[in-house]
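I opened this notebook to record what I looked up in the structure, entry by entry. I begin with the chain as a whole and then go on to single helices.

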Amino acid sequence: MAAGSDGGPTDRGEVRRRPLRNLWRLRRYLRPHTVEFSWLMLAGLAATGAGIAVPLVAQQVVDGPVARRDLTGLYQLGALALLLGLAEASLIFIRRWVQSSSSVTMEAAIRADVYAHLQQLPPSFHDRWPSGQLLSRITSDLSVLRRFLSFGLFFLILNVVTYLVVVVLLIRLHPALGLLVGVSAVPLFVIARRFGRHYHTASRRMQDQQGDVATLVEETAQGLRTMKAYGRGPQLTARFTAGTEALHDTGVGKGRLLARTAALLDLVPNLTLSIVLVAGAAAVAAGRLTVGQLVAFVSLQLMLIWPVQALGWIIANGQEAATAADRIQEVLDTPPAIVDAPGAVALARSTVHGRLRFEAVGFRYPGSPAPVLRGIDLTVEPGETLAVVGATGSGKSTLLSLVPRLHDVGTGRITLDGHDLRDLRLASLRRLVGMAFEEPTLFSMSVWENLTLGRPDAGEDEVRAALALAQAEFAYDLPWGLRTRLGEQGLSLSGGQRQRLALARAVLVRPAVLVLDDPLSALDVHTEALVESALKRVLRNTTALLVVHRPSTIALADRVALLEQGRFTAVGPHTELLATVPAYRAVLSAEPATPPPPRSPPGGPPLVRS
Ligand SMILES: Nc1ncnc2c1ncn2[C@@H]1O[C@H](COP(=O)(O)OP(=O)(O)OP(=O)(O)O)[C@@H](O)[C@H]1O
């Protein structure tokens, strides 16, 4: 899927994006570190300069004090070489010191931006992107980028400069041999280019495969109970093994490619060196070169071996970084579909009455052929409770998700006290709307933190009242009371307990509009009856949309809307619909008896009750 849509990760093997351009686009993260990076480069260049000066001192030693047997001169030049060595060591220390802190800061800045962006992306993005792919981008891809920004980029510049300076010095020492060394850069360039192309494809494949493996591990951890219950362990292990084998093969392929290239990159300077040794010795014998000059030439040339050998690593690192940048930009380039409109306003809770109006609302999931909702027209008066009833897959959850703008309406509009929801600041709207879902998400934090997610300022009494309302006082009996940390996704609690905590969390927001999407489904009849009676009090003061199934809970609503094939086909009090609408009776009577058919895959047509 191309960037710019909220589609999933790009197809494998196809490099449709622009890795180098995307790497270049990340330069904005370098900008705040320009001064540090300049110091870094300066220290690196100075250290290299000191290193390059040593062979030139050696030339002076051989041609001067050694030839003249001048001990004083030898000590002086020896001391100079020592000073240069010390200077080089100190400069390397300074460089490494600066390098580590700035690269980690850059990595953290990119990670924070990706994370913030992920939070802005609509649920449809997360429906399509496997979480492991996101995880691998925010962890391993960013580490690759850090390595490049701290080492790869630096050594790329430093080594190119070293190569150029050394070649110029070599040409000055012996033009023909110096040029030979300079020209040896051509095969090096060809090898490097070829390697870069192949390595990029392998890197992208490997980074995607890492994401796949991470997704599988994450899904297994999440669905451990289902997996065990269905005895799917061996199948999942087989899938995992296939994934890791593919990863292994790509890794080995990458390693071999690197090995072949490293050998070729090693061969070129060593061949040049042997030519230089033979031709240099001949030049010394012919008196066209001094011994000192030959020593300096060879020592300088030896200084090029490491930069050339490192070229393979630098290109590999650069390619991986480009791929990582590509994968990260793929996420960052996905525009958040639901954002604050220009001039969006915030409403204070105290000024909101809670009149919710649906005007000709239609909605279609991206990629779905048919709309899930069409022509929904209804006003829910302040303080009124509307229950939405319909067969499974009729669009009840979709309708409710439009209120906090988890999705935006496709056609028509929804207003709150006359304000189009799209004209309200998202943060404000979500403070006004309290939601609880059938599948309650509890985070790996304490019960208290989970409860006060939407109201960090809530006091103890309010939390106690919300827990009482949701019949969730069991939370006080947990080992550390409300400070008990819940396991990942709150798995240490039962489904009913999690639902009750999620309900308490929604109520605690003191919302102007309460949206409850089947939040009582996991409760036993007795607990549901207790929650119902408490809920009655809350519903009196707030506008509410409910999706519930038990007739006794539906009866809490002032009115019921029957949703059929994406439309409201009947609206009225529960008893009236029961008496007059056969389709309503059919839905209610079918509900407890008929297990819900499987949902059509995302993008499929809506399931319609026959
Ligand atoms: N993210 C999605 N992408 C594409 N289609 C979706 C998505 N979520 C739901 N659908 C489809 O939209 C239709 C309505 O789904 P929705 O969950 O709103 O129904 P529902 O009435 O709440 O069902 P249930 O009572 O089973 O919870 C279904 O056909 C479903 O397959």
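Entry 1, the whole chain. I looked up the contacts in the protein chain between residues at least 6 apart in sequence, and 80% of them join residues at least 24 apart; two residues are in contact if their C-beta atoms, placed from the backbone, lie within 7 Å. I noted that this is a predicted model, in which local features need pLDDT of at least 70 and side-chain atom pairs count only at pLDDT 80 or more, while totals for chains, interfaces and linings use all residues. Residues are numbered from 1 along each chain as its sequence is written. The protein chain has 19 helices and 10 strands, taken as DSSP runs numbered from the N terminus (helices H or I, at least four residues; strands E, at least two). Of the 610 residues in the protein chain, 34% are buried; a residue is buried if 20 or more other C-beta atoms lie within 10 Å of its own, and exposed if 12 or fewer do, with partly exposed in between.

Entry 2, Ala296. I found Ala296 in helix α10, and Ala296 counts as buried because it has 26 C-beta neighbours inside 10 Å. Leaving out residues up to four places away in sequence, Ala296 touches Pro55, Leu56, Ala58, Gln59 and Leu173. I also looked up Val54, which is 242 residues from Ala296 in sequence but 8.6 Å from it in space, C-alpha to C-alpha.

The axes of helix α7 (residues 185-222) and helix α10 (residues 291-332) come within 9 Å and cross at roughly 40°, which makes α7 oblique to α10; oblique covers the angles left over when under 35 degrees is roughly parallel, over 145 roughly antiparallel and 65 to 115 roughly perpendicular. Residues making the contact include Phe195, Tyr199 and Arg204 of α7 and Leu311, Ile315 and Arg327 of α10.

Which residues of helix α14 (residues 460-469) are buried? I found Val463, Ala466, Leu467 and Leu469 to be buried, and, seen down the axis of α14, the buried residues fall within an arc of 160° (taken from the directions from the helix axis to the C-beta atoms), so they line one face of the helix. The buried residues of α14 pack against α13 (447-451), α15 (495-508) and α16 (525-540), whereas Glu460 and Asp461, on the other side of α14, are exposed. Just after α14, I noted that Gln471 takes a positive phi of about 55°.

Key: Axes are lines fitted to C-alpha atoms, for helices over the stretch in contact, and angles run from 0 to 180 degrees between N-to-C directions.
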